[in-house]
Structure formats: C-alpha cells, structure tokens
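Hi,

Here is the structure I said I would pass on. Have a look at it first, then read on for what turned up.

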Amino acid sequence: MTDQPRAPRPLPVVEGNLTRRALVKAAGATLGAAAFAHALAPLTEWADDLSVDQFLQKHYREMSPEEMQQVLRRLEQQTKDDYGADVHIDDVRPQPGVQFAYALNLSVCIGCRRCAEACHVENNHDRPSGNSYIRVLEMKKGSMDMEQGRADYDGPVPKPDTFYMPVQCQQCDDAPCVKVCPVEATWKESDGIVVVDYDWCIGCRYCEAACPYHARRFNWTKPQVPADEINPDQAYLSNRVRRQGVVEKCTFCLHRTRKGRLPACLEACPTGARVFGNVLDPTSDIRWVLENKRVYVLKEELGTRPRFFYFFDK
C-alpha cells in the first residue's frame with residue numbers, strides 16, 4: 001500500500017507587527033525546544049560575534065533597567081574576549097528640554113577630512129576599510145547637488161573654484177530609514193537623534209537603501225580594531241563595536257553630547273566650520289546660526305526635514 005503524504009502541520013498565527021521577536025516565538029512554537037535551538041545555530045554562526053543570547057535579547061525599548069545592565073556587562077566582556085580591550089558601555093538617555101541640531105559653514109570648510117578621521121577613531125570603526133560616518137564631497141561652486149560631488153578627490157586642498165561639503169546622517173524628523181525597517185531596529189529619540197539597536201538589527205539594509213543622503217554603513221565583515229586603538233568610552237546606542245551583518249550610522253556622538261560634550265568631528269575641525277547645540281537654548285551657537293544665517297538643507301524637496309543645516313558667510 002502506497003504511503004499517503006501527511007498534511008503539513010499548521011503554522012501558528014503571528015498577530016500584530018511582524019517583528020524578529022514574533023518570528024522567534026512562532027518558530028519555537030512550531031519546532032519545539034530541541035529543534036528550535038538547532039535551527040538557530042546557522043543564524044548565530046554566520047557572524048562569529050552573534051550569540052544565541054544576543055539573538056533572543058529584548059528590544060532596547062522593552063528592557064528593564066536591570067536587564068539593560070546585564071546586557072551592558074555582557075557586551076563589555078564580549079569586547080574584552082574578542083578584542084582584548086577593557087571598555088565601559090553606558091546606556092545614555094536623552095536629556096529633557098534638549099533638541100539637537102548641527103550646522104556647517106561651507107565658506108570655511110577646506111576639505112581636509114579631519115572630521116572624517118575623528119569620526120573613524122571616536123566611533124571604533126573597522127581600521128582596514130577606513131570607514132567613517134562622514135563623507136566629504138568636493139563640489140563645484142554654484143551647485144548644491146550632492147550627487148555631483150566627488151568623495152574620492154586627492155591632492156592639496158582647497159582647490160580653486162570648489163567648495164567642500166561634509167555629509168553625514170541628517171537626523172531627519174521624517175526619516176525614511178525609520179519607516180522602512182521591518183523590525184523597528186531604528187527610531188528617532190526625543191532629542192532628535194535617530195538611533196539603531198544593533199542587537200536587534202537583522203541586516204536587511206532596507207534603511208541603507210531608503211536614505212537619500214547615503215549616510216548608513218553596512219558591516220560586511222567583523223570590524224578589526226587593535227586593542228590599544230579602541231575608544232573605551234562607549235554607549236549602547238552609539239560607538240560600541242558593532243558586529244558583522246548590521247547597518248550603522250552617525251548618532252551625533254550621543255555618548256558625548258548627551259553628557260554635555262561636543263561631537264568629535266566638531267572638535268577636530270581646524271577652521272571652526274562646525275556648529276552644534278541645543279536649538280531650544282536661545283543662547284546657543286546653533287540657535288544664533290539658524291536665526292541669523294541663510295541656511296540650507298540637502299534635498300529639501302524630499303520633505304525629510306533634516307536637523308543638519310548648511311550655510312555660507314556671504
């Protein structure tokens with residue numbers, strides 16, 4: 001007698017938003033505990049620094065203070081094990097009454113790229129790739145079209161008949177990257193900074209494709225940073241060493257700025273082209289620039305409402 005094919009076991013219904021956590025629950029209900037653990041193995045082995053605990057970790061906004069502290073200590077130990085460096089990772093929250101914004105004086109930027117270098121070091125970027133959250137574009141005078149700029153320029157700077165336009169995350173109030181994330185791994189915080197929960201990111205790169213400013217970076221490999229070059233002052237949502245397979249971005253150095261310091265890129269600028277601060281503070285430099293200079297935003301026609309502004313002295 002010929003065996004009849006068995007009817008497939010029905011899958012559990014996943015209600016509400018389809019998040020990574022919901023998918024994990026559905027898989028566990030379908031496979032059973034032993035098979036579920038075995039099924040997770042390939043997901044954690046493709047990136048050497050992704051553990052099962054990390055994969056099953058709650059979303060940042062769901063964790064209790066106690067759970068967050070456990071995660072921070074685990075990440076510190078993981079950095080010690082993987083890189084041989086002692087670091088301290090904080091959970092730095094937004095300050096009440098603060099709305100951050102950035103402005104850049106294109107009249108005095110000389111294209112030296114020291115801002116990009118400072119970003120590279122401050123944010124524990126992969127050393128072989130030279131990655132940075134900042135691209136400095138060499139632009140022809142008379143145009144603000146960033147798509148016509150060159151990021152691969154070389155030789156002495158500044159060159160005649162050109163100006164230089166650093167571009168990084170614009171921290172948009174209507175951010176396309178946030179809208180497309182299928183697991184809500186990226187969102188906008190109350191002080192205006194768009195952040196990423198790197199332990200929740202699934203690496204689909206939808207956000208990278210959606211960003212009109214080319215401001216997100218994907219970690220194709222595990223970052224390589226010598227122990228003596230790792231910046232030990234880190235934050236969960238900022239400059240901790242990001243694992244392979246996630247998309248990362250500028251956070252206005254929130255591990256610094258939420259503690260009253262300035263972004264590393266601003267401190268590195270030799271010409272004073274960069275202005276940063278709290279727009280709700282009427283005495284701040286950024287407030288003065290916005291009230292007294294004719295400022296521009298990139299790709300205004302897209303309606304993303306950036307918090308990064310550009311201006312000229314004349």
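Let me start with E229, which counts as partly exposed at 38% relative accessibility (buried means under 20% relative accessible area, exposed over 50%, partly exposed in between, with a 1.4 Å probe and protein chains only). Before going further: this is a predicted model, so local features need pLDDT of at least 70 and side-chain atom pairs count only at pLDDT 80 or more, while totals for chains, interfaces and linings use all residues. Residues are numbered from 1 along each chain as its sequence is written, and side-chain values use heavy atoms, with hydrogens and water left out.

Back to E229: its side chain forms a salt bridge with that of R127, at 2.8 Å from N to O (the rule is a side-chain nitrogen of Lys or Arg within 4 Å of a carboxyl oxygen of Asp or Glu). This pair ties together distant parts of the chain, 102 residues apart: R127 sits in the loop between α5 and β3, and E229 in the loop between β7 (217-218) and β8 (233-235). (Helices here are DSSP runs of H or I with at least four residues, strands are runs of E with at least two, and both are numbered from the N terminus.) R127, at 18% relative accessibility, counts as buried.

By that rule there are 25 salt bridges. In general, side chains of opposite charge can pair when their charged atoms come close. Another one joins R258 and E189, with the closest N and O atoms 3.0 Å apart. It also links distant parts of the chain, from the loop between α8 (254-257) and α9 to the loop between β5 (186-188) and β6, 69 residues apart. Both R258 and E189 are buried. There is a network too: D173, K188, R305 and R307 are joined by salt bridges that share partners. D174 pairs with K179, their closest N and O atoms being 2.9 Å apart; here D174 is partly exposed at 28%, and K179 is exposed at 60%.

Now the inside. Which residues have the most contacts in the largest nonpolar core? They are M165, V167, Y213, Y236, F252 and Y310, in a core of 70 residues (a core being a set of buried Ala, Val, Leu, Ile, Met, Phe, Trp, Tyr and Cys residues joined through side-chain atoms within 4.5 Å). Among the elements that give it two or more residues are α4 (65-83), β2 (100-105), β4 (162-167) and β12 (308-311). α4 gives the largest share, five residues. Leaving out residues up to four places away in sequence, Y236 touches Q57, Y60, M63, M68, V71, L72, L75, I89, D90, D197, Y198 and D199 (contact means heavy atoms within 4.5 Å). A separate core of eight residues includes V275, I286, V289 and F309.

For the whole chain, I have 10 helices and 12 strands, and 49% of the 314 residues are buried. Of the contacts between residues at least 6 apart in sequence, 66% join residues at least 24 apart.

Last, confidence: pLDDT, the predictor's confidence in each residue from 0 to 100, averages 89 over the chain, and 82% of the residues score at least 70. Residues 5-19 stay under 50, with 13 contacts beyond four places in sequence in the model. Residues 42-46 are also below 50, with eight contacts beyond near neighbours in sequence.

Cheers
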